[in-house]
Amino acid sequence: LAQVSVVAMRALIWAGVLASAGPSIQLDLEDDLACSACSFVSRSMRLLLSSKLKYKNKSEKGPNARKLLRDACKEDRYPSQLAVIGDPGKKEFVDFQDMMNNGGTISNMVMDGKQRGQIKDACLTIMDSMDDAIVKQVEQTKGRLGGYNWEKFMCVTQSGLCRKTKFQKDEEEEEEL
């Protein structure tokens, strides 16, 4: 195998060529839960950015976004009754109250109080790894930050933790439904 320079490797990763090789971010969770955690993290960040960044001066967006990224990881930004449901390989984090209100089932459920901490830890790892890319995207996004598909950007395109989005569907995914 030929040696690949660090610059060339980064270019390949950014181009998505290595997406099939697996996630570029390693979380201390099973793959299915890592995807689900990323979805919750991107949702928290999207809601935070859309509510806190309302600047006319575009030069302030990036620096102010960087200051907010860690706030997306605070445990109180996630459901208080967070649970894990599903069979092995298909597990996901869910808001227990939403699940029960929508007629969900509690089979194969774990709700031992550790789930918020797991998502917080995943969030910190994701933000440490992606903060520059997120800030750059904030600066480049025209229109409402809350309207941008952060879940696809963070969980599918950038990190490779997910194959498709859970919360924020885009046009391509809606056509598949």
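Of the 177 residues of the chain, 39% count as buried, where buried means under 20% relative accessible area, exposed over 50% and partly exposed in between, with a 1.4 Å probe and protein chains only. The model is predicted: local features need pLDDT of at least 70, side-chain atom pairs count only at pLDDT 80 or more, and totals for chains, interfaces and linings use all residues. Residues are numbered from 1 along each chain as its sequence is written, and side-chain values use heavy atoms, with hydrogens and water left out.

**Exercise 1.** State how many helices and strands the chain has, and their order.

Solution. Helices (H or I, at least four residues) and strands (E, at least two) are DSSP runs, numbered from the N terminus. The chain has 7 helices and 2 strands. From the N terminus on, the order is α-α-α-β-β-α-α-α-α.

**Exercise 2.** Check the length of α2 against its residue count, and decide how enclosed α2 is.

Solution. The expected span is 1.5 Å times one less than the number of residues. As to burial, 16 of the 22 residues are buried, so α2 is largely enclosed by the rest of the structure.

**Exercise 3.** Find the buried residues of α3, their arrangement about the axis, and what covers them.

Solution. In α3 (residues 61-68), the buried residues are Lys61, Gly62, Asn64, Ala65 and Leu68. Viewed down the axis of α3, they fall within an arc of 165 degrees, so they line one face of the helix; the arc is that of the directions from the helix axis to the C-beta atoms. Their cover includes α2 (31-52) and α5 (115-140).

**Exercise 4.** Describe the packing of α2 and α6.

Solution. Two packed helices are described by the angle between their axes and the distance between the axes. The axes of α2 and α6 (residues 150-158) come within 9 Å and cross at roughly 145 degrees; axes are lines fitted to C-alpha atoms, for helices over the stretch in contact, with angles from 0 to 180 degrees between N-to-C directions. The contact (heavy atoms within 4.5 Å) involves residues of α2 including Cys38, Met45 and Leu49, and residues of α6 including Trp150 and Met154.

Methods
A crossing is left-handed if the near helix is turned anticlockwise from the far one by less than a right angle, and right-handed if clockwise.
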